[in-house]
Number of protein chains: 2
Amino acid sequence: MTTTTSPVTLDDVRDAAARLKGVARRTPVLCSRTLDALAGAEVFLKCENFQRVGAFKFRGAYNAASRLSPEQLSRGVGAFKFRGAYNAASRLSPEQLSRGIAAYSSGNHAQAVALAARELGTTAVIVMPEDAPPSKRAATAGYGAEIVTYDRYTADRVAIAEALAADRGLALIPPYEHPHVMAGQGTAALELLEEVGELDALLTPVGGGGLMAGSATAAKGLHPGIRTVGVEPEAGDDTKRSLEAGRRVSIPVPRTIADGQALHTPGELTFSVNRRLLDEVVLVTDDEIRDAMRFAFERLKIVVEPSGATPLAALLTGRVGRLPPRVGVVVSGGNVDAGRFAELCGGATH
Amino acid sequence: MTTTTSPVTLDDVRDAAARLKGVARRTPVLCSRTLDALAGAEVFLKCENFQRVGAFKFRGAYNAASRLSPEQLSRGVGAFKFRGAYNAASRLSPEQLSRGIAAYSSGNHAQAVALAARELGTTAVIVMPEDAPPSKRAATAGYGAEIVTYDRYTADRVAIAEALAADRGLALIPPYEHPHVMAGQGTAALELLEEVGELDALLTPVGGGGLMAGSATAAKGLHPGIRTVGVEPEAGDDTKRSLEAGRRVSIPVPRTIADGQALHTPGELTFSVNRRLLDEVVLVTDDEIRDAMRFAFERLKIVVEPSGATPLAALLTGRVGRLPPRVGVVVSGGNVDAGRFAELCGGATH
């Protein structure tokens, strides 16, 4: 079924950009003669690894959170105000005493929601697996979020988060399956196109599909002739398969170093956008991702996490085929520990 | 002895900046809330790791090379022109038949001179040790330079380069001990101050002293009250000792991971500038440099080589003492292989 009303439009992305102004970082666009020579095109890298929390996720989380009602965001202040007046406070429902936002994530979205909450003067509860990397947990807690853990082998994180949200009156902000999240995530592509002008193609990593949907909405909205290319890890080709099938298909949970793209099926909302606006999906192997990370490190002097390096891998391996003259790339994030980078890229080139 | 005429002035740095316009990259200035919070000051990082060839060295090499006479730069074209006319050619001296530029370096200066030669349409001969890292050798040859190797345990590279230069009519461009090199290297600080306005302090790595001399000339010339701080690795404290002694002193060749600062004595010209304009030198250990590289990687998402990370190490360890409100840092380069980075920074934090 193709719908004619899209959950996200160019105006939504523009609106998100206005809200993010002065809050999200306007990340730099980097160019490299070496990369241009290897790719055979002029390449513009929109570096979301320099975004706050180290990834584009902050754009979507903040845009969604900033649209909640003042009451929803009033936890702490509101509660404190009323607590002084015992009689008034005693009449408040648990929801009124305890508002704020919630999310489930073991990765960049956790930090993004935690920081969005802090920026908006409210609090966040993040549902994370017990065995989440200590650095991610520490970063999330560092933004003032409350962390609730679960056993990833026995528990359902969505159910836990939904129960918590219902119980405590929290607004749940999903990592991609939400119009405001997609619109916010699309602002990276909007900024890129505003800065460098029309492009012939735009390469974007595809995980749950929010960044892709927002980016394609911005890009096709501004320049209908632009070629939109999604890049997935070979093992996590759920969006490629879904596009081919014409409907969302599920694959076994993929094993790939691109942890931000290890999803088994596209989002419903995101897929409804991507099936209309995404021209093609190309796949890259984990070894190609490693080589692209090493190239980014040694030649571009930037740190890119595995998922963020997939479009660069597609360019360097020629998997996109013959490139048009001007190509944009969303480098989506740079959250990889030095130790993990050493494991992945410290050895010989493949 | 203090001289009143300096080998490099603010006007020289400005003049170099004009020559470098459109040739050197105007590198980005990065800021980080995390770094500001840790340092207790607003910090502006001038990122010369994004400079062409991956380090500030290109600025000095190109500025010096661009001032050579057209005849000096005419190798190839001039020789070819005359060779057609046998009689004329037979009268030419070897110098006239074979011009161009030369340098001795195993590091960033080699690539800088090779690229400067290519940009100016001439050729470069680079004297490198036989055991120079293959990646550096390949990069230098990649810019079209001829590489002459020597045995670093038995031969004197300066003597080899000088003999070659004399024999073939080449202009030798030293890595720091030259007014045009210092002036060119100072353009990074000039750009930083033009972009962000007055700063209270400027931290710069000190190796041979050219970057420091050029930076201090630009900084004190624009803002006489600025505090200039040089940073050396603990084992390579030749400039600190020389400033304390009031004359150039020699130390044993230092063992440090900061290979760009492994010098045993300051340059004569550079020291004559630095003794006037450098307010203090602070020292950092190799472990502190490693931690700073890891911080740059994980928090700033940029690749910084050991020498380039010394000022960041000084900030993060508090070795500069109480900082004034606005602090500039020259991040001098980012040339470190992924494998070497893994060796240095892949393990636990110190």
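About 1700 Å² is buried between domain 1 of chain A and domain 2 of chain A, and carbon and sulfur atoms give 52% of that area. The model is a predicted one.

**The two domains**

Chain A splits into two parts. Domain 1 covers 10-54 + 179-345. Domain 2 covers 58-172. Their C-alpha centres lie 28 Å apart. Domain 1 of chain A brings 24 residues to the contact, and domain 2 of chain A brings 17 residues.

**Polar and charged links**

Between domain 1 of chain A and domain 2 of chain A there are 4 salt bridges. A separate salt-bridge entry pairs the side chains of A:D15 and A:R67, with 3.2 Å from N to O.

**The domain 1 side**

Which helices of chain A each supply at least two residues of the side of domain 1 that touches domain 2? They are α1, α10 and α11. The table gives their ranges.

| Helix of chain A | Residue range |
|---|---|
| α1 | 10-20 |
| α10 | 179-185 |
| α11 | 187-196 |

Of the elements on this side, α10(A) gives the most, with 5 residues. How many residues of each class does the side of domain 1 of chain A that touches domain 2 of chain A have? There are 8 nonpolar, 7 polar and 9 charged residues.

Methods. Residues are numbered from 1 along each chain as its sequence is written. Chains are lettered from A and ligands numbered from 1 in the order in which they are written. This is a predicted model: local features need pLDDT of at least 70, side-chain atom pairs count only at pLDDT 80 or more; totals for chains, interfaces and linings use all residues. Side-chain values use heavy atoms; hydrogens and water are left out. Domain bounds come from an automatic or database domain assignment. Contact means heavy atoms within 4.5 Å. Buried area is the accessible area (1.4 Å probe) that two parts lose on being put together, summed over both. Helices (H or I, at least four residues) and strands (E, at least two) are DSSP runs, numbered from the N terminus. Ala, Val, Leu, Ile, Met, Phe, Trp, Tyr, Cys and Pro count as nonpolar, Asp, Glu, Lys and Arg as charged, and the others, Gly among them, as polar.
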